[in-house]
Amino acid sequence: MGIRKNEDIAKAIAAKLLWNYINGDSLWAKWMHNKYCKKGNFWTARLDNNASHTWKIILRARQWCKGHIDRKIVNGENTDLWFDPWLQGSNLIDTYGWNTMNTLDGYDKTVSRIISNHRWKNRLNFIPMNSHAE
């Protein structure tokens with residue numbers, strides 16, 4: 001009959017909301033960022049019971065959407081080194097663990113701080129050289 005499951009529709013809506021948030025420069029995306037992620041990173045934001053229903057939907061969709069999102073690096077200034085999925089759909093924290101952050105002096109870094117002209121700026125033997133830094 002061509003009738004879709006409610007679960008599939010809900011997942012598609014959640015994925016679209018997440019995509020619009022992380023990829024958008026809209027007034028809505030900026031407002032959501034300022035309200036929920038002003039002092040942190042979207043990928044590590046915690047689910048707050050006082051958050052809006054829309055924000056809860058977006059946060060719950062993160063884990064299953066993360067593996068399908070790949071960020072193309074242009075200049076690396078807007079890509080979080082540790083938490084954005086820029087390494088073949090994964091991020092450094094999930095791939096190499098929290099101890100790796102100490103190697104690069106903390107977590108407040110963007111990809112542009114370690115890569116320039118498609119080359120590593122520092123000696124980073126723990127990161128494969130075939131990353132998506134384009």
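The model is a predicted one, in which local features need pLDDT of at least 70 and side-chain atom pairs count only at pLDDT 80 or more, while totals for chains, interfaces and linings use all residues. Residues are numbered from 1 along each chain as its sequence is written, and side-chain values use heavy atoms, with hydrogens and water left out.

Starting with the overall layout, the protein chain has four helices and two strands, and these follow the pattern α-α-α-α-β-β along the sequence. Helices here are DSSP runs of H or I with at least four residues, strands are runs of E with at least two, and numbering goes from the N terminus. Of the 134 residues in the chain, 37% are buried; buried means under 20% relative accessible area, exposed over 50%, and partly exposed in between, using a 1.4 Å probe and protein chains only. Contacts (heavy atoms within 4.5 Å) also say something about the chain: among those with a separation of 6 or more, 43% link residues 24 or more positions apart.

Helix H1 (residues 6-23) meets H3 at an angle of about 95 degrees, and the two axes are 8 Å apart. That makes H1 roughly perpendicular to H3. On the H1 side the contact uses Lys-11, Ala-14, Ala-15, Leu-17, Leu-18 and Tyr-21, and on the H3 side Thr-54, Trp-55, Ile-57, Ile-58, Ala-61, Arg-62, Trp-64 and Cys-65. Sorted by class, this H1 contact with H3 has 11 nonpolar, one polar and two charged residues. For these classes, Ala, Val, Leu, Ile, Met, Phe, Trp, Tyr, Cys and Pro count as nonpolar, Asp, Glu, Lys and Arg as charged, and the others, Gly among them, as polar.

Helix H2 (residues 27-36) packs on H3 at about 85 degrees, with the axes 12 Å apart. H2 is therefore roughly perpendicular to H3. Angles under 35 degrees count as roughly parallel, over 145 as roughly antiparallel, 65 to 115 as roughly perpendicular and the rest as oblique; they run from 0 to 180 degrees between N-to-C directions, and the axes are lines fitted to C-alpha atoms, for helices over the stretch in contact. Here Trp-28, Met-32 and Tyr-36 of H2 touch Thr-54, Trp-55 and Ile-58 of H3. The H2 contact with H3 comes to five nonpolar, one polar and no charged residues.

Asp-84 is buried at 8% relative accessible area, and Asp-80 counts as buried at 15%. The Asp-84 side chain makes a polar contact with the side chain of Trp-43 at 3.0 Å and reaches the backbone nitrogen of Asp-80 at 2.7 Å. The Asp-80 side chain, in turn, reaches the backbone nitrogen of Phe-83 at 2.8 Å. A polar contact is a pair of N or O atoms within 3.5 Å; within protein, one must be able to donate a hydrogen and the other to accept it, and residues adjacent in sequence count only if both atoms are side-chain atoms. Leaving aside residues up to four places away in sequence, Asp-84 touches Asn-41, Trp-43, Arg-71, Asn-78, Thr-79, Ser-90 and Asn-91. Asp-80, with neighbours within four places left out, contacts Asn-41, Trp-86, Lys-109 and Val-111.

As for the cysteines, Cys-37 is buried at 2% relative accessible area and Cys-65 is buried at 8%. A search of the whole structure turns up zero disulfides, a disulfide being a pair of cysteine sulfur atoms within 2.5 Å.
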